[in-house]
Amino acid sequence: MSLSLEGKTCLVTGGSRGIGKAIALKLADFGADVAITYARSADAAEEVKAEIEKKGCKAKAIQADAVSFERAEEVLAEIVDDWGKIDVIVNNAGITKDNLILRMSEEQWDDVITTNLKSVFNYSKAAAKPMMRNRGGSIINISSVVGISGNAGQSNYSASKAGIIGFTKSYAKELASRNIRANVVAPGYILTDMTDELNEKVLEGIKAETPLGRAGEADEVADAVVFLSSDMSSYITGEVLRVDGGMAM
Amino acid sequence: MSQDVESKVKAIIVDKLGVDESEVTADANFTNDLGADSLDTVELIMEFEKEFDLSIPDEDAENIATVGDAVTYLSGKLS
């Protein structure tokens, strides 16, 4: 078994920025053809596509709102039509709309749950049939340590990320007999645009709670995703792999 | 036409479920009689879609439980 992803076809949702971008590029480093979806950042998505192509791999940048069930079917159909199959789906698209429960609006709750959790259902479901035809596949859903331990001010985000864990374990059980694996990667505090919004005091607090004593890089999350995409993890399914510097242990 | 559909449907079932052709009677239920699990039945529907080049919506697929159901449904769709 090797970490090589040569000949594998991957899709990363929300792949134009942050952790999704790092994942898309690293999958290509290991030889995979990579499609990314993006909601609005067309220019950034095209740049990622160009970078993947520069590495000698096939690439696609597809505009798709992760919330749309129909669009997920269309995206998978496009990839399978053009590239013949889908081996790996990385459900990464996600948003935050933080607020204390006492102040949280219904809209803030619904937006985060729908974008972060329903999107995972949309793409995992759309991938199931092509993966069954292909006699295997790997689904990697990006959760968060706050889905394991909760976080004040992030009840909606935490709930969506915990939901992803339950969904993934169910999916792993339903499709294991067809050699389709499903695993969760749960990042801790990772430096991205999303965490740039946090203030200094919060950041210091996070660092103090992290045994490894530093923030993580998006690249370090991508390493875990490569492992779960590759045949090196062929006997691993339904697992939650924390990439959090020890934060949630 | 219906004869043709029936023999194709039976061939797919024999191949997919690894059962003997003699077991594949019109009233044989995929799950109860032919040993299909829930994913096998989904795969059967996928094979029918491929063989007959049509798409079977989930709400229709749920009503296809026996060999006869499949033949009747597909014959109706193709006529």
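**Entry 1: aromatic cluster.** I looked up the ring pairs of this predicted model and found that they link Phe69(A), Phe121(A), Phe167(A) and Tyr171(A) into a cluster. Rings of Phe, Tyr and Trp (its six-membered ring) pair if their centres lie within 6.5 Å; planes under 30 degrees apart count as stacked, over 60 as edge-to-face and the rest as tilted. I noted three aromatic pairs over all chains. Phe69(A) and Phe121(A) have ring centres 6.0 Å apart and planes at 15°, so I recorded the pair as stacked. This pair links distant parts of the chain, with Phe69(A) in helix H3 and Phe121(A) in helix H4 of chain A, 52 residues apart. Helices are DSSP runs (H or I, at least four residues), numbered from the N terminus.

I then turned to Phe167(A) and Tyr171(A): their centres are 5.8 Å apart and their planes at 40°, so the pair is tilted. Both residues lie in helix H6 of chain A, four residues apart, about one turn of the helix.

**Entry 2: accessibility.** Buried means under 20% relative accessible area, exposed over 50%, and partly exposed in between (1.4 Å probe, protein chains only). I also listed Phe69(A) as partly exposed at 26% and Phe121(A) as partly exposed at 36%.

**Entry 3: conventions.** I number residues from 1 along each chain as its sequence is written, with chains lettered from A and ligands numbered from 1 in the order in which they are written. Local features need pLDDT of at least 70 and side-chain atom pairs count only at pLDDT 80 or more, while totals for chains, interfaces and linings use all residues; side-chain values use heavy atoms, without hydrogens and water.

How values were computed
Helices (H or I, at least four residues) and strands (E, at least two) are DSSP runs, numbered from the N terminus.
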